[in-house]
Amino acid sequence: MPLRIARQPCVGTSPSVLPTMEIPMTTRRRFLTSAAIGAAALAAAPLVAQAQLRPGDVVPTRGTPGSRSLPTNATSSGRWRPQAVTGFGGAPIGNHFAAASEADAQGALEAAWNAGARVFDTSPWYGLGLSERRFGHFLSQQPRDSYVLSTKIGRLLTASRNPKKTGWIDASPFDYRYDYSAEGTRRSVEDSLQRLGVSHLDIVLVHDLSEDNGDIGARWPEYFEQARTGAFVELTRMREEGLIKAWGMGVNTPEPALRAVEVADPDIFLLACQYSLLDHERALAQTFPRLAERGISVIVGSPLLAGYMTGRDRYLYGPYWTLPGGMAAKRARANEIAAKHGVDIRTAALQFAAVPEVVSVVAPGARNAAQARANVESMTVSIPAEFWVDLRREGIISADAPVPD
Ligand SMILES: NC(=O)c1ccc[n+]([C@@H]2O[C@H](COP(=O)([O-])OP(=O)(O)OC[C@H]3O[C@@H](n4cnc5c(N)ncnc54)[C@H](OP(=O)(O)O)[C@@H]3O)[C@@H](O)[C@H]2O)c1
């Protein structure tokens, strides 16, 4: 099936109708030379200037975009996987870390789409409905069967004149309460369909049922028990009835996912904070093998460590996630090695996340068109094999970490 890939038209953050060209989709890990997509969105900024980066700034793609085509998942008789590997994460346009304008949010979705992303992940939680509404505005205008849509359950929203303050900037005026029951799951799916303006969802994930969620913390096993007898059963039923294609959990720690595979029959997990260029040992040694033996696949969330890989000061998400010792030096050295080989670590991080066989989707977040376009084009850069040899030699990636061909 041909993918429509945008020619790189311009720099900027407002939505635009982009000229397109056809390039063939190839099976995963088989990459063909294709016409260049175009130059990086912004002129290269020296790495020393990264300390001044602000939300929305772009780390440009280095190397030659378009020297390989976007990866895809091979069709298999096992559990359903999206065809496209390249995704778009919806937290930043739910106003994570900073507000995104409507124009930037629509521009991000449109740029991701035009560049070839076809898996879109959002949640009721992202901006208290804001991200879903923004997704819906754009995606409801696309043919429903030409993309994969993932959202989440676990928090129900109710309108409020005085909503509780959350970490979302200028969130929609809603309060939330946790509900992982079967009834809560049905209500959440219905609410999401209405915010999104679509007829159906493809993937539904049980969201943030994890110790790092400050609302839940050490009580996560209690919530898990509600999900085990509620959401897990209801989502399995929805899949069996053909209402959704797959379900799983969207979590930042591995424990709930590993427990879920023992007590239920999930298909796909969005694992955030668990697999990145700079931190991947536990996932490779423990989590991925356990999921792979059941044919379950993984959507990699936070592949850019929520911006840390692109020079932001923050590391992942708030109090639970402190910067591990040695991480700053690791990032600095990875940047130096990338520069030596003519690539950038954002591009390397995105491609690295896509390689394990268990990974079906990589979903970086972006808050404007330039970021979204750059993230998709990064998947089409050929990275010299020596780059990965150097990273391994210096202990930045582990000896057994799979790397792109
Ligand atoms: N529990 C869960 O289910 C869960 C948890 C986490 C994430 N997720 C999913 O995974 C997705 C990805 O995670 P994420 O968005 O939190 O983090 P991420 O993809 O690791 O990083 C996104 C951040 O990186 C920066 N960025 C992105 N593209 C850039 C570019 N081309 N140049 C420079 N900077 C760039 C932006 O920072 P600025 O904002 O500073 O511009 C952006 O907010 C989420 O959007 C969500 O869909 C799910």
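The legends below describe an overview and two close-up views of a predicted model. Residue numbers start from 1 along each chain, following the sequence as written. Local features need pLDDT of at least 70 and side-chain atom pairs count only at pLDDT 80 or more, whereas totals for chains, interfaces and linings use all residues.

**View 1. The protein has eleven helices and twelve strands.** Helices (H or I, at least four residues) and strands (E, at least two) are DSSP runs, numbered from the N terminus. Of the 405 residues, 50% are buried, that is, with 20 or more other C-beta atoms, placed from the backbone, within 10 Å of their own.

**View 2. Helices H6 (residues 254–263) and H7 (residues 281–292) cross at roughly 25°, their axes coming within 10 Å.** Axes are lines fitted to C-alpha atoms over the stretch in contact, and angles run from 0 to 180 degrees between N-to-C directions. H6 and H7 are therefore roughly parallel, the term for angles under 35 degrees. Pro-254, Ala-257, Leu-258 and Val-261 of H6 meet Arg-282, Gln-286, Thr-287, Arg-290 and Leu-291 of H7, where contact requires C-beta atoms, placed from the backbone, within 7 Å.

Methods
Buried ≥ 20, exposed ≤ 12 C-beta atoms within 10 Å, placed from the backbone. Parallel < 35°, antiparallel > 145°, perpendicular 65-115°, else oblique. Contact = placed C-beta atoms within 7 Å.
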